[in-house]
Amino acid sequence: MSEEFDAKAHVAHMENLMGLTIEEEWRPVVEAHISAIEKAAVLVRSFPLDEEVEAAPVFEA
């Protein structure tokens, strides 16, 4: 991502999209959570993938 992630704008967008209102005392908590999720997603997307990716076997009991 070339732009800095803006958790406040993202939360405001989600409020509008879902028709919700986040109470002011919870807003910093929600913004911190969204920011942490975005940082984790950026990290996961940075992992290199081999060309040949195979699914793990599934075992049934």
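Residues are classed here as buried under 20% relative accessible area, exposed over 50%, and partly exposed in between (1.4 Å probe, protein chains only). The model is predicted: local features need pLDDT of at least 70, side-chain atom pairs count only at pLDDT 80 or more, and totals for chains, interfaces and linings use all residues. Residues are numbered from 1 along each chain as its sequence is written, and side-chain values use heavy atoms, with hydrogens and water left out.

The secondary structure comes to two helices and zero strands. Helices (H or I, at least four residues) and strands (E, at least two) are DSSP runs, numbered from the N terminus. The radius of gyration of the protein is 17 Å, well over the 10 Å that the globule rule gives for 61 residues, so the protein is more spread out than a compact globule. This radius is taken over C-alpha atoms, and the globule rule is 2.2 Å times the number of residues to the power 0.38. The C-alpha trace spans about 45 × 40 × 20 Å along its principal axes. Of the 61 residues, 11% are buried. The accessible surface comes to about 5800 Å² (Shrake-Rupley method, 1.4 Å probe; for residues, only the protein chains shown count as cover). Carbon and sulfur atoms account for 60% of that surface.

Helix 1 covers residues 7–18, twelve residues in total. From first C-alpha to last it reaches 16 Å, close to the 16 Å expected at 1.5 Å a residue. The expected span is 1.5 Å times one less than the number of residues. The buried residues of helix 1 are Ala7, Val11 and Glu15. Seen down the axis, they fall within an arc of 80 degrees, so they line one face of the helix. The arc is that of the directions from the helix axis to the C-beta atoms. Asn16 and Leu17, on the other side of helix 1, are exposed. At the start of the helix, a side-chain oxygen of Asp6 reaches to within 3.2 Å of the backbone nitrogen of Lys8. Gly19 follows helix 1 and has a positive phi, near 70 degrees.

Helix 2 has 20 residues. Its span from first C-alpha to last is 29 Å, close to the 28 Å expected. Arg27, Glu31 and Glu38 are buried in helix 2. These buried residues fall within an arc of 30 degrees seen down the axis of helix 2, so they line one face. The face turned away from the buried side carries the exposed residues Lys39 and Val44.

Contact here means heavy atoms within 4.5 Å. Arg27 counts as buried at 16% relative accessibility. Not counting residues up to four places away in sequence, Arg27 touches Val11, Glu15 and Ile22. Ala32 also lies in helix 2, but counts as partly exposed at 48% relative accessibility. The C-alpha atoms of Ala32 and Lys8 are separated by 9.2 Å, although the two residues are 24 residues apart along the chain.

Glu38 is buried, with a relative accessible area of 16%. Its side chain makes a polar contact with the side chain of Arg45 (3.4 Å). A polar contact is a pair of N or O atoms within 3.5 Å; within protein, one must be able to donate a hydrogen and the other to accept it, and residues adjacent in sequence count only if both atoms are side-chain atoms.
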